[in-house]
Amino acid sequence: LKRAMTWLGEKPDTIFLGQAVAVPGTAISNTLKDIDEKKLIEFPVNEDMQMGVSIGMSFNGYHPISIYPRWNFLLLATNQLVNHLDKISLMSDNPYKTPLIIRTAIGSERPLHPQHQHVGDYTNIFKQMCPNIDIYRLDEPEQIFDTYLRAYESKKPSLIIEWGDFYNEK
């Protein structure tokens with residue numbers, strides 16, 4: 001993950017935004033340590049706004065990597081994700097391209113279980129709700145770099161799901 005994030009951070013059009021992006025606080029933060037701090041935008045806990053800003057940035061020449069530490073955070077941006085990001089190419093007859101990478105994780109259950117609202121995996125449900133977004137779940141480390149490379153090279157939005165338990169296990 002660090003290799004993929006560092007590679008993305010070297011691209012001139014990328015910007016990283018979310019909670020615990022510019023400051024430590026989650027396992028995902030640890031994967032951003034080698035990225036130029038000018039590319040890291042810390043957001044308040046306002047997930048719907050974060051997705052709206054990410055979509056707007058993608059319209060304006062940026063390739064945002066919008067980071068939600070776990071699915072339960074991303075659920076709060078479902079309005080923007082389902083009603084806007086997934087439908088923009090259809091509503092605009094394809095002139096708007098939204099090269100946006102959304103990064104989230106299935107919450108870690110080990111060594112401590114953080115309770116049920118933090119460990120859900122909604123990958124299949126979102127695949128049904130968002131047919132115009134490329135959705136990937138990273139089940140093995142070998143998938144990581146190629147998936148982020150493919151997502152960056154795509155002109156479509158991508159949602160990439162990681163496993164929180166794997167940050168320390170794989």
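In the predicted model, glutamine 80 is buried, with a relative accessible area of 17%, a value that falls under the 20% limit for burial. The residue belongs to helix α4, which spans residues 78–85. Beyond its sequence neighbours up to four places away, glutamine 80 makes contact with Asp48, Met51, Gly52, Ile55 and Leu85. Helix α4 also buries Leu81, Val82 and Leu85. The packing partners of the buried α4 residues are α2 (47–59), α3 (71–74), α5 (88–91), β4 (101–106) and α6 (123–129).

The largest nonpolar core comprises 21 residues, of which Met5, Leu8, Phe16, Ile101 and Tyr148 touch the most other members. Two or more residues of this core come from each of α1 (2–9), β3 (63–67) and α7. The greatest contribution is that of α7, with 5 residues. Another core, of 20 residues, lies apart from this one and includes Phe73, Leu74, Ile106 and Phe126.

Contacts of isoleucine 101, with residues up to four places away in sequence excluded, involve Leu8, His63, Pro64, Ile65, Ser66, Tyr148, Ala151, Tyr152, Ser158 and Ile160.

Threonine 147 is located in helix α7, residues 144–153. Its relative accessible area is 4%, and threonine 147 is therefore classed as buried. The C-alpha atoms of threonine 147 and alanine 4 are 9.1 Å apart in space, although the two residues are separated by 143 residues in sequence.

How values were computed. Residues are numbered from 1 along each chain as its sequence is written. This is a predicted model: local features need pLDDT of at least 70, side-chain atom pairs count only at pLDDT 80 or more; totals for chains, interfaces and linings use all residues. Side-chain values use heavy atoms; hydrogens and water are left out. Helices (H or I, at least four residues) and strands (E, at least two) are DSSP runs, numbered from the N terminus. Buried means under 20% relative accessible area, exposed over 50%, partly exposed in between (1.4 Å probe, protein chains only). Contact means heavy atoms within 4.5 Å. A nonpolar core is a set of buried Ala, Val, Leu, Ile, Met, Phe, Trp, Tyr and Cys residues joined through side-chain atoms within 4.5 Å.
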